[in-house]
Every structure is written in C-alpha cells, then in structure tokens.
Amino acid sequence: MMKITHDEKLIAEIAEHYREILRLVGENPEREGLLKTPERAAKALVDITQGYRQNALEIARKAIFEYEGSKIVMVKDIEFYSMCEHHILPFFGKITVGYLPKGKMIGLSKLARIVETYARRLQVQERLTAQVCSVLAEAMPTDGVIVVCSAEHLCMKMRGVEKQDSSTTTLDYCGRFESEPTLRDEFLRLMHNS
C-alpha cells in the first residue's frame, strides 16, 4: 500500500474546493478543459504558499560567516512573486536588500531565500518589506538593515481602479539606516546608480 504524503492530501482537499468554486462561478468542472484544473490549481496554490512551511530565521542562520570588510553590502533586484491577501491576486516585483556588517556576513543566496519565504505567503507589500528587514536584523549582528521593494499589483490592474501603469514602492530600515539619513541616502544613490 502506497503512503499518501501530507502535500498529496492537502492538494486533494484544496482541489475539491476548487471544483466547488468552478461550479459556483457558473462553470462545469466536468467539461474536458476543466477536468484537471482543480488539481493543477491546488498544486499551484500549495507551491506559491510554501513560505508558510519555511522558517526565514532558520534559513538565514544557516549561512552566517565571520567577516570584516564592506561598509554596505547590497543585493539588488531580487525578483519575487506573491499573492495579495485581500484579493488572492498576484503582485510581483523586485526587492533590494542592504546591510552594514558587524563582524559577520550572510551568504548572498540566503537573502533571496528570505525574500522567497515571505513572498510565498498571502501577503501585503508593506509587511513583506518589513519582514525581510526584521529577520535579517535578528539573524546576525549588524549595524543596520535596509530593504526597498517595488511591485505591481494585479488587484489594481485587473479589477477595481484598473490602473495599468501603477506601481508601489515600500521602504523599511533599522539601525544606522534609521538614525543616519545620509547613510540611507548613500544606499539609495548606490541602488539607483549601480
């Protein structure tokens, strides 16, 4: 007898709900083009919400190294895709993360993994930006963290106000980036000029 995994059980349960949603919006989930849609949609939903099953702090702490050097470390344009918690519609964009090392550094790929962990949840951009900033500040000794997020929201493009050219930018920071506006300005100049 083959054992059913937690994800398979979860996918099957979500698929049943998708079948009912298709019925409720006036579709026939038994028609040829929709036969496998509930399962496909369920698999997609489990994939795009995998951040609920990940721990960003644990991910970050797996790659902290001794380091004396750079005044600012910056990883630009980490692309992400997330789902708006208000409308369950995608929003997507890029995040730039910077920090001031204090005897330690983090593996660069871990910054992207942190972004992914928080983006792959039902989310709002403001919280996503703050969570990335907060977990990095908690994961290692640092003199400051700064995070800039720019995104486009399909809930503003496909429905409601339908503003196709709109985008949103959010910014969060702590430590010296908060207490020293000139340092914050230097980071933002570097971000835009490099």
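Analyst: This is a predicted model. In it, E116 and R120 form a salt bridge, with their closest N and O atoms 2.7 Å apart.

User: Is E116 buried or exposed, or in between?

Analyst: E116 is partly exposed, at a relative accessible area of 26%.

User: And what about R120, buried or exposed?

Analyst: R120 counts as buried, because its relative accessibility is 19% and the cut-off for buried is under 20%.

User: Which residues are in a salt-bridge network with R120?

Analyst: The network links D47, E116 and R120. D47 forms a salt bridge with R120, and there the closest N and O atoms are 3.4 Å apart.

User: Why would the pair of D47 and R120 tie parts together?

Analyst: D47 lies in helix α2 (residues 37-48), while R120 lies in the loop between α4 (108-119) and β5 (122-123), so the pair ties together parts that are 73 residues apart in sequence. D47 itself is partly exposed, with a relative accessible area of 40%.

User: Why do such side chains pair at all?

Analyst: Side chains of opposite charge can pair when their charged atoms come close.

User: How many salt bridges does the structure hold?

Analyst: It holds eleven. One of them joins R31 to E27, with the closest N and O atoms 2.9 Å apart. Both ends are partly exposed: R31 has a relative accessible area of 38%, and E27 is at 31%.

User: What sits between β2 and β3?

Analyst: The two strands form a hairpin with five residues between them. In that hairpin, I88 takes a positive phi near 55°.

User: Why is β3 called largely enclosed?

Analyst: Nine of the twelve residues of β3 (residues 90-101) are buried, so the strand is largely enclosed by the rest of the structure.

User: Now pockets. What is the volume of the largest pocket?

Analyst: The volume of the largest pocket is about 170 Å³.

User: Which residues line the largest pocket?

Analyst: The lining is made up of C84, H86, H87, F91, Q123, V124, Q125, E126, H153, C155, M156 and T168. By type, five are nonpolar, six are polar and one is charged.

User: Which helices supply at least two residues of that lining?

Analyst: α5 (125-139) and α6 (154-157) each do.

User: Tell me about α5, then. What span does it reach?

Analyst: α5 has 15 residues and reaches 21 Å from its first C-alpha to its last. That is close to the 21 Å expected at 1.5 Å a residue.

User: Which residues of α5 are buried?

Analyst: The buried residues of α5 are Q125, L128, T129, V132, C133, V135, L136 and A139. Q125 is also one of the residues lining the largest pocket.

Key: Residues are numbered from 1 along each chain as its sequence is written. This is a predicted model: local features need pLDDT of at least 70, side-chain atom pairs count only at pLDDT 80 or more; totals for chains, interfaces and linings use all residues. Side-chain values use heavy atoms; hydrogens and water are left out. Buried means under 20% relative accessible area, exposed over 50%, partly exposed in between (1.4 Å probe, protein chains only). Helices (H or I, at least four residues) and strands (E, at least two) are DSSP runs, numbered from the N terminus. Two strands pair if DSSP finds at least two bridges between them. On a 1 Å grid over the protein atoms alone, a cavity is a set of points where a 1.4 Å probe fits but cannot get out, and a pocket is an open set with protein on both sides within 12 Å along at least five of seven lines; lining residues have an atom within 4 Å of a point. Grid points are joined across faces, edges and corners, and a volume is the space filled by probe spheres set on the points. Ala, Val, Leu, Ile, Met, Phe, Trp, Tyr, Cys and Pro count as nonpolar, Asp, Glu, Lys and Arg as charged, and the others, Gly among them, as polar. A salt bridge is a side-chain nitrogen of Lys or Arg within 4 Å of a carboxyl oxygen of Asp or Glu. The expected span of a helix is 1.5 Å times one less than its number of residues.
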